[in-house]
Each structure stands twice: as C-alpha cells, then as structure tokens.
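Please open the structure in your viewer and keep the selection tool at hand.

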Amino acid sequence: MDGHQVSVWIEQEPGSGGKESAENTVRNLAGFNITAERVTGDKVSRAEPYAAQIEGGNVMMIRAEWNRDFLAEHETFPAGKYKDQVDAAAGAFNKLTDGSYDIRRLVTL
C-alpha cells in the first residue's frame, strides 16, 4: 500500500522453512526493494531491547481496533500461546534502531 518507493525488510527465520518462506515473499513482491535477513537468537532475546524501551516509556502506538489483542499478546509473552505480534514488533523496533535506516526519510514518506 505504501508504494514501490518504500524499502521492505523481512526476517528470515532459521531453517529451510524460513528460507523458503523468505524466498516466496521476495518473489511475491517483485518490483519492490525488498531485503530478507537471517535472524539470530531466540524470540525472547530478540525482544529484550524492545521490552526495555517499552518499560522505559519510549514506545508508543496509535489507538486502533487491534490494540487489545496486541497488548494481550505482549502481556503473556513469552509464555502465551501467541508470539508473532511481539516478535514482529521487536524485529521492526530493532531494525529501525540499528542505524541501517534513515528514520527521517521514513517519517517524511
């Protein structure tokens, strides 16, 4: 929906299933500037920097219909049944803060 001028980044989960999934996503987004990168560590370790910033009051979210489910998953992480929204949010947070993206460019799009 954001158009071809926006860079797309996806995580490639470990194992052959993760590689196949990432390859399919890249193929389905032909024409976009898309990068798949292998993730390291488990979901809990990857979420730690994100969790620290949430606890510090440095992460905000827009008010929307999905907030209740999103927050419920965060409250039960990592013991809860679902982990994908936390993992995705942590991955996005980590990517946006690792210095490889120009945040100013993202904000002006």
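The stops below cover the strands, the core and the salt bridges.

This is a predicted model, in which local features need pLDDT of at least 70 and side-chain atom pairs count only at pLDDT 80 or more, while totals for chains, interfaces and linings use all residues. Residues are numbered from 1 along each chain as its sequence is written, and side-chain values use heavy atoms, with hydrogens and water left out.

**Strands.** Select residues 8–12 and 34–38: these are β1 and β2, parallel strands joined by five bridges (strands are DSSP runs of E, at least two residues; helices are runs of H or I, at least four; both are numbered from the N terminus; strands pair if DSSP finds at least two bridges between them). V8 stands opposite I34 in β2.

**Core.** Next, select A47, Y50, F70, F77, V86, A89, A90 and F93, the eight residues of the largest nonpolar core. Such a core is a set of buried Ala, Val, Leu, Ile, Met, Phe, Trp, Tyr and Cys residues joined through side-chain atoms within 4.5 Å; buried means under 20% relative accessible area, exposed over 50%, and partly exposed in between (1.4 Å probe, protein chains only). Helix α4 (84–97) and helix α2 (43–55) each give two or more residues to this core, and α4 gives the most, with four.

**Salt bridges.** Now select E37 and K95, whose side chains meet in a salt bridge (2.9 Å, N to O); the term requires a side-chain nitrogen of Lys or Arg within 4 Å of a carboxyl oxygen of Asp or Glu. E37 is partly exposed at 31%, whereas K95 is buried at 9%. Finally, select D98, whose side chain also meets that of K95 in a salt bridge (3.7 Å, N to O).
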